[in-house]
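Here is a friendly walk through a two-chain model, one piece at a time. Keep the sequence and the 3D view open as you read.

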Amino acid sequence: MAVLECIHLTKKYGSLTALDSIDLSLEPGRIVGLVGPNGSGKTTLIKLAQHLLTPTEGEILIEGQEPGARTKSIVSYLPDREFLPAWMNVESLLYFYEDFYEDFDIARAEQMLESLNIDPHMTFRKLSKGTREKVQLVMTMSRNAGIYLLDEPIAGVDPAARDYILRTIIGNYSENALVLISTHLIADVETVLDEVVFLKQGHIELHENTDALRERTGMSVDNYFREVYRC
Amino acid sequence: MKWTFENGIPIYMQILRRLRTEIASGAYPPGAKLPPVRELALEAGVNPNTMQRAFAELERDGLVYTQRTSGRFVTKDTEVLKNLRKTLSDDVIEEMCGRLIRLGMSRQEIRSAVEAWASANGTEADE
């Protein structure tokens, strides 16, 4: 059964149509890449799933329910910008998350911070930009959520950290969870994806298993993307 | 050894090819326990479902068997392992000869060249 479903989902910003009547059904246990050029509707889709936006027409359902307070308890969301209180230190962020989310695994978070050599007594604001992104991802992946919505999780970090982050994602999602990763850095993520969804000007251009796509086209997902979106 | 993947070939097929070679060469000897799917997926940096698919193919071909509680093991069936080595070596020979023929070598020239290589590079007893 689908855990994330879009039915004729449409979002307009004034005269601009960001998503145009899309139908999409995503199953649990998969890691799905949401790809497309800037302005194709990736972040809009994720924000609709997290109730930060409401549909103009159609609907989006999380485990059969409309997004709201209840669905946020099963969805772990990583925004594409900084969202943690800058004045807190990392340790107090851990307690904050533990109070806030029933499914937060503080021991897992501590262990990940340690392997990334992040000092828990540092104030969030004093960390480097890349380290702040790592802390945010650690927080997001330390929840035992049913759905992870990761909006550009690797854009701001160096290649070695990218590797670590992808391994963190593979190593930490539970087998019945859905992980949706939006990115334009396809080459870096394509080996971890089960499926890929190509967005183009608010439409779904393609939704396919990544190995099936490689077999069918004889190209990597990254090369195929460049073909589809050639300017 | 580091895992690298080529463009345009399904990842599970590339994993399968590598695991078959490791079983044939004895890097995973007969009866050896294979690492858990998730551990090997992490090492290779691939999706666990993709690794699972490669394992399922190995199992279907009888190269690997599952013991319900203790994990996956390489087959001890010497016949199966012999056939695997034969299949893999046939592929290599096919590819090599194809390339040599495209270079303009005749069958006879290839045969003498292989023999010359073998005598220049030691004897069976060295292995």
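How many residues lie between β1(B) and β2(B) in their hairpin? The hairpin formed by these two strands has three residues between them.

## About the model

This is a predicted model, in which local features need pLDDT of at least 70 and side-chain atom pairs count only at pLDDT 80 or more, while totals for chains, interfaces and linings use all residues. Residues are numbered from 1 along each chain as its sequence is written, and chains are lettered from A, with ligands numbered from 1, in the order in which they are written.

## The hairpin and a helix of chain B

Strand β1 (residues 64-67) of chain B pairs with strand β2 (residues 71-74) of chain B in the antiparallel sense, over four bridges. Strands here are DSSP runs (E, at least two residues), helices are runs of H or I (at least four), and both are numbered from the N terminus; two strands pair if DSSP finds at least two bridges between them.

Buried means 20 or more other C-beta atoms within 10 Å of a residue's own, exposed means 12 or fewer, and partly exposed is in between, with C-beta atoms placed from the backbone. Just after α5(B) comes G122(B), with a positive phi of about 85 degrees.

K2(B) sits in the segment before α1 (11-25) of chain B. With 6 C-beta neighbours inside 10 Å, K2(B) counts as exposed. A44(B) is 42 residues away from K2(B) in sequence, yet their C-alpha atoms are 7.6 Å apart in space.

Chain B is assigned domain 1 (11-76) and domain 2 (79-126); such bounds come from an automatic or database domain assignment. Eight residues from domain 1 of chain B and five from domain 2 of chain B take part in their contact, where contact means C-beta atoms, placed from the backbone, within 7 Å.

## Two sheets in chain A

Chain A has an open sheet of six strands in the order β5-β6-β7-β3-β8-β9, with mixed pairing. At its edges are β5 (75-78) and β9 (203-209) of chain A, each pairing on one side only. Strand β8 (residues 195-200) of chain A runs antiparallel to β9(A), joined by six bridges, and K200(A) has H203(A) in β9(A) as its bridge partner.

A second open sheet has three strands in the order β2-β1-β4 (chain A), with antiparallel pairing. Here β2 (16-26) and β4 (57-62) of chain A each have a single partner strand, so one side of each is left without a neighbour in the sheet. Five bridges link strand β1 (residues 4-13) of chain A to β4(A), and T10(A) is partnered by E57(A) in β4(A).

## Where the chains meet

The contact between the chains takes 17 residues from chain A and 15 residues from chain B. On the chain A side, α6 (159-172) and α8 (210-217) of chain A are the elements that give two or more residues. The most come from α6(A), with five residues.

Notes:
Two residues are in contact if their C-beta atoms, placed from the backbone, lie within 7 Å.
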